Amino acid sequence: MVNENCKKTELGIVPFEWNVLSLNESFGFLQNNTYSRNCLNSQKGDVQNIHYGDVLVKYGEILDCNIDEIPFVNPEISVNLVKRLIQSGDIIIADTAEDSTVGKAVEVVNVGNRNVVAGLHTIFIRPNDGLFTNRFLGYFINSTVFHNQLLPYIVGTKVSSISRSSLRETFVLHPPIIEQRAIASALTDVDGYINALEQLIVKKQNIKKYLKDLANISLLLLSFCNLKKKGSAANLYICINNTKKTANCYEYCCYICLLYTSDAADDLLCVDLGGRRILQNKHHCTHSTTPVLHHGHRQQCHLPHTPRTILRSCTI
């Protein structure tokens, strides 16, 4: 039994004031281009290009041109912009994917004076004037209600795709404008909250990693303290070589050896160990040109020079 304030539609039971519109009748279909990744760069150009891979993976429901990074078409390529420039409120749909995520879309906002075009494997549609408020369609086109309409039209085995003609067979919900604004505002707030949490998680993960690294070095220093208690006259140097910089942290190689004050290690690029005892050959190493040292063989310990990353000799 349907509530008196609701009605049955092609998309199920909806509030009585809401309409259901044919996408074919309420949207215009515009032309995309076929530029591959090789034709794009992240640095410079006059035209920015929305690639379907970024729609699937990089962007959320809303692509904000003031915030999100959009690649440029290489300057040497001449781009046809006639009836192809994206405006704020346009929808870009990925028509190809490796699974049922095909149909993922973005609503583009804050285009301003930029030249932005729709790229390879995308469907570029524009709503008729006055039907929808900003950001509402970005959330609706990615909703289960809309995506379920696409499932019968998805074709392909290894690669899934949908066509423009299939998209024309779908329907969109059209609430009153005031309700569209309320829905878009609420979901935008939720997006902002989720993004803030994700950034906080990354920050805490980095702190945890740095604390683990500090704990590892502390354990090595503790081992040296035990040696000092046994009467060793040596000083401890920890040589750290930064070998790989990732997005948020460094992976490093750490070599521990005993050096005597007479070696004047602070002023030398290398020290002849002369077969001295090595506390630990290698600690957490990924790639390094530093030689592996063996007890009993006369080899050199090469100390980092630029940037200098030697902890001064420990006085225990």
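Predicted model: local features only at pLDDT ≥ 70, side-chain atom pairs only at ≥ 80, totals over all residues.

Colleague: What is the volume of the largest pocket, and which residues lie nearest its centre?

Modeller: The volume is about 480 Å³. The lining comprises 17 residues, and nearest the centre lie G60, I62, D68, D191 and N195.

Colleague: β7 also brings us to the sheet. In what order do the strands of the open sheet lie?

Modeller: As a general idea, strands of a sheet pair through backbone hydrogen bonds, either parallel or antiparallel. Here five strands form an open sheet in the order β4-β13-β9-β11-β7, and the pairing is mixed. β4 and β7 (62-64) are the edge strands, each pairing on one side only. On average, neighbouring strands of this sheet are turned by 30° against each other, direction ignored.

Colleague: How many bridges join β4 to β13, and how many join β9 to β13?

Modeller: β4 and β13 run antiparallel and are joined by four bridges. F27 has P127 in β13 as its bridge partner. β9 and β13 also pair in the antiparallel sense, over four bridges, and I92 has F124 in β13 as its bridge partner. On β9 there is a further antiparallel pairing, with β11, over three bridges; there I91 stands opposite E107 in β11.

Colleague: Which way do the side chains of β13 point?

Modeller: In a regular strand the side chains alternate between the two faces of the sheet. In β13, T122, F124 and R126 point one way, while I123, I125 and P127 point the other way.

Colleague: Is β13 mostly covered or mostly exposed?

Modeller: β13 is mostly covered, with six of its six residues buried.

Colleague: Which residues does V172 touch?

Modeller: Leaving aside residues up to four places away in sequence, V172 touches L11, N19, V20, L21, L23, S26, F27, F132, F140, I141 and F146.

Colleague: Lastly, I turn to the backbone. Which value does phi take at N110, and where is N110 placed?

Modeller: Phi of N110 is near 55°, a positive value in a residue other than glycine. N110 lies in the loop between β11 (105-109) and β12 (116-118).

Colleague: Why does N110 count as partly exposed?

Modeller: Its relative accessibility is 34%, and partly exposed covers the range between the 20% limit for buried and the 50% limit for exposed. N110 therefore counts as partly exposed.

Colleague: Where is H121 placed, and what is its phi?

Modeller: H121 is in the loop between β12 and β13. Its phi is positive, about 55°, although H121 is not a glycine. With a relative accessible area of 32%, H121 is partly exposed.

Notes: Residues numbered from 1 in each chain as written. Heavy atoms only, no water. Contact = heavy atoms within 4.5 Å. Helix = DSSP H or I, 4+ residues; strand = E, 2+ residues; numbered from the N terminus. Buried < 20%, exposed > 50% of the residue type's maximum accessible area, 1.4 Å probe, protein only. Pairing = 2+ DSSP bridges. Axes fitted to C-alpha atoms, helices over the stretch in contact; angles between N-to-C directions. 1 Å grid on protein atoms, 1.4 Å probe; cavity = no way out; pocket = protein on both sides within 12 Å on 5 of 7 lines; lining within 4 Å. Points joined across faces, edges and corners; volume = space filled by probe spheres on them.
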